[in-house]
Amino acid sequence: MSIARVPVLLALCSAATVISPTRSAVQQAAAPLDNARSPAYAADGRLAASVNGNLYVQEAAGGAWRQLTRGPAWDRDPAWTRDGAIVFSSNRDGRFSLWQTPAAGGDAWRLTDAKDDDSAPSVAPDGTIAFVRGFSGAARIWLRSPDGDEKRLTNREESELAPAFSPDGSHIAYVQVFETGRRLLVRNVATGRDGMVTVDRMPESLAWAPDGLRIAFSAASSPAGVYVAAANASYVNFAASRRGDVAWSPDGRTLAIAEYDRGGPSYNGDPARLGDRAVADPFGDRNPLVLVAAPLAPDADRREAAVGVTNDRAARNADTFDRTWQRTADIYFGSGARAPKDARARWDALRARYRLQAVAAKDDDDLQRVLYRMIRERPNLREPASGRAAVSSAHPVATAAGIEILRAGGNVVDAAAAVSFALGVVEPDASGPGGYGQMVIALAKNDSPKLIEFMTRVPEEGGLDNASLLVNGRYPSDGPVLANVPGTIAGMYSAYKQYGSGKIAWKDIVAPAIRAAREGYVVSDGLATTLSLEREHFLKYEGSRALFFRNGNPAIAGDTVKNPDLAWVLEQVAERGADGFYRGPVAEKLASDLRSHGNAMKVSDLNRYFAVDREPVHGTYRGYGIWSSAPPVSGGADLVGKLNLVEQYGPVRPYFDDAASFHALLAAWTLVPRGQVADPAFWPVDIAAQVSKDSAKVRWTCFRPDRAVRASDVRPNSMGCDPAPPGSGAGSPGAGSLAAAGAAHGTPPMTSALEPYTELLASGLDPRNCEPFHAREVDHCHMTGTTAFVVADNEGNAVAVTQTLGTWGGNFYVSPGLGFIYNDKLTSYSTDPNGFGARIPFARHGSTLAPTIVTKDGRPVFAVGAAGNAWITSAVFETLLGLVDFGMTPQQALEQPRFLPGGRGGAARAAPATEAPLLATATAEGAGRGGRGGRGGIFAGRGGTPGPVSVQVEDGLSPDVVAKLRSMGYAFDYVSLKGELREGYGAAVAISGKTVTAGADPRRAGAAGAVP
């Protein structure tokens, strides 16, 4: 097809300048080229690279650099053609496609026009282009011939990345991503046969030596860095100590490495709304382009590439502003968005108001302040709802189900059960009949809130002594073996029988979910992302393929999925209550299928399952009552412990605009004492120190207002400080007074909640992507996923629920005829048969779920829930701060930027999930260079020197706050791009007088609804 040419804006072209030249400061200087990506050598030795979304090229080998492209689009992945043109990837048409432009400047034209993202081009001498189409689990390598014909390189189902043609074009090196790692393969183009170069690293970027005999590749394995391997797999040598995109000079003497510390944010159900993208803070850590001699000794002749760059300050400012503004407009205020009606007009007005200020900014600091002010004035990204009763959930179909029940005269418990069932249909990757969770209930007629626990249980024959669950000594990473006895339906039925209104028939509560399953529902961008990311795991199983895939391709956002099998299951539940699931034909079909595939579950395990009534964990905060999840779940105790510590600091201001408050909140996260949490029916649970205000007083003596608080500041085996801060001498609170406080609670001295993860300081994050409590016999773990919702009315009633399958996609297995995915929690226990929290028959497993209700004078005023693994505690904690301390509405509290102490690590997961995540210490390298080195870091600094404390953050923090905290020893690991909210999901309602207001989290398909 013919594709029209679109002009590329040149750096020195006056027509491309949007302000008068008198407002543009042009500077010429020799400086390191920071934040470069994807360096590429031309045959004559010139380099090209992408810098903050624009392409730069050298005028001559080793010479000055010139900006080639400009504008709000993100241009990346340059690759030289034999005749000196540049092929690159750009999203200037709304998605990433391949484009081509003369290196000397001029018009660019689009080469590809597929519905998926195209990236990472490599050009053969004959003009054939190898590139990646799709991303994550859907990434595959394609070839484009000079005449425009396109075809797949392979017919495999595994993901493929980083194609690189050999210098003569006879071979293609590429990365194949499989379940537990990556392979570096080399394919003979003529024969189609592959040879393996290495499988024991984590290869990323690739570059051939000009002799065609060696391949340089960046690797995320330990030690991370750049390696050089023989193409025939005869050796692998270490070449450079830092990872980065790599290019090999045509004379064979030099490797150009665009260094990075990249882990990628963990997947927490956040939709892939921007397609294939890499998170980087353009104003943050330095990531220089360096030159390393190749293939000499590691780091030999290492020097930063000092280049003379013509930097048009005003043009750079305009590009950055436009890119940020447009990204927000596209994601949150574009067609189909559920923002308030006037939101786009208000966002347009902010552009008009702030763009001139941005263009006139004198430096990056000034530019960041302008962007921050604009984002702080951004209109709501979702429409809140107010009335006499309200619902906040992760999906509009589920919210509508709750509203339907409230309108029919049901109470908040009736509505919550309807929301639960509906979410299990429309978010089948996050929850459903195969899952579990907890519900906190506050009713005006009760003296205090109640809690129903419906966590999964180990089957009777599923204990550690059952060797048949292992194959060759290992547990599978997905599939039917991993399912524990589910609890969600028992939990909802128990809540309905005990606390429902009695005015609504049970079958009417299940009816909205049955309709959605039988008539079909529209696939959300979150579910579509799960199916794409985990496609190889879903495709293993017949039932999963039939439900979510068509011709081997996963359902995409906007598709309609009908699930008559799940409708049948829900109809059995509607007729017979919980017995419709745990007894009778559903139970028999479920147990028969799972057991035939190696699971230990029997019908009797289902018959004997019951939801448990427990007392929620209770605390107070600034005169409010806090009621949250209870053991075997740790989230409630951890939340109360954090809030107790924040009280010791005193009043806090919005942390995104106040460095002192942010520092105190991060310290509170670190100083929470560790508890002992497991199934209380089998082990002695001990959370007294976590929820004790006396313990908080002692722990707060470790706080230093002038520097970051590290886990190492807490003295081992006690609650004292090590080293003790000034003023904590013999007469001040310390280990001795703590022992007394512990004795008063019958509690032994306890270390930090971070203590279970101190082993990670030495070993790095688990390469299996698993949490510390996971069975050692598991080869690979998946990102854990959840959903949450809250319901409240103006009569003193509220419900907060968190329910889940354990991972995004559970065990990825759907029993034919049943239509739902199971949890995967069989291996989420200690594998020491005599240990605390071991996998023994009937034991319930733990989690970080934290559904929470806040009361004032005995009546509920707020209800909050959250999803997203380690981000659960982050979202609940920070949303409550917004509601209680900052006076925010639920919508404002949900939209404030979130933070999570702990590094992402090479495995791209957020942090261990069952307790507060590890406060990372990273390498000390770069401590004086903008905090570089903290990213993903959980390692001590070189020579034992502690590095910065790593904190994952969404965009939206004041740049002055970030600068101040960096000076105190923090490093910031951004998980979202400018103007974007990306991690975790939350639900919130507020009750004020006779009005109940619900917020809707824009991070997923969050929706608020209300009854007038």
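1. The buried residues of helix 4 are Ala398, Thr399, Ala401, Gly402, Ile403, Ile405 and Leu406; buried means under 20% relative accessible area with a 1.4 Å probe, protein chains only, while exposed means over 50% and partly exposed lies in between. Helices (H or I, at least four residues) and strands (E, at least two) are DSSP runs numbered from the N terminus. This is a predicted model, in which local features need pLDDT of at least 70, side-chain atom pairs count only at pLDDT 80 or more, and totals for chains, interfaces and linings use all residues. Residues are numbered from 1 along each chain as its sequence is written, and side-chain values use heavy atoms, leaving out hydrogens and water.

2. Helix 4 covers residues 396-407, 12 residues in total. Among the elements covering its buried residues are helix 5 (412-426), helix 7 (506-519) and strand 39 (786-793); contact here means heavy atoms within 4.5 Å. Just after helix 4, Gly409 has a positive phi of about 105°.

3. Tyr267 lies in the loop between strand 24 (254-259) and strand 25 (289-293). Tyr267 counts as buried because its relative accessibility is 9%. The C-alpha atoms of Tyr267 and Gly785 are 8.2 Å apart, although 518 residues separate the two along the chain.

4. In strand 12 (residues 129-133), 5 of 5 residues are buried. Ile129, Phe131 and Arg133 are on one side, with Ala130 and Val132 on the other.

5. Strand 12 runs antiparallel to strand 11 (residues 118-123), joined by 4 bridges, and antiparallel to strand 13 (residues 140-144), joined by 5 bridges; two strands pair if DSSP finds at least two bridges between them. Arg133 stands opposite Asp118 in strand 11 and has Arg140 as its bridge partner in strand 13.

Definitions and conventions:
The expected span of a helix is 1.5 Å times one less than its number of residues.
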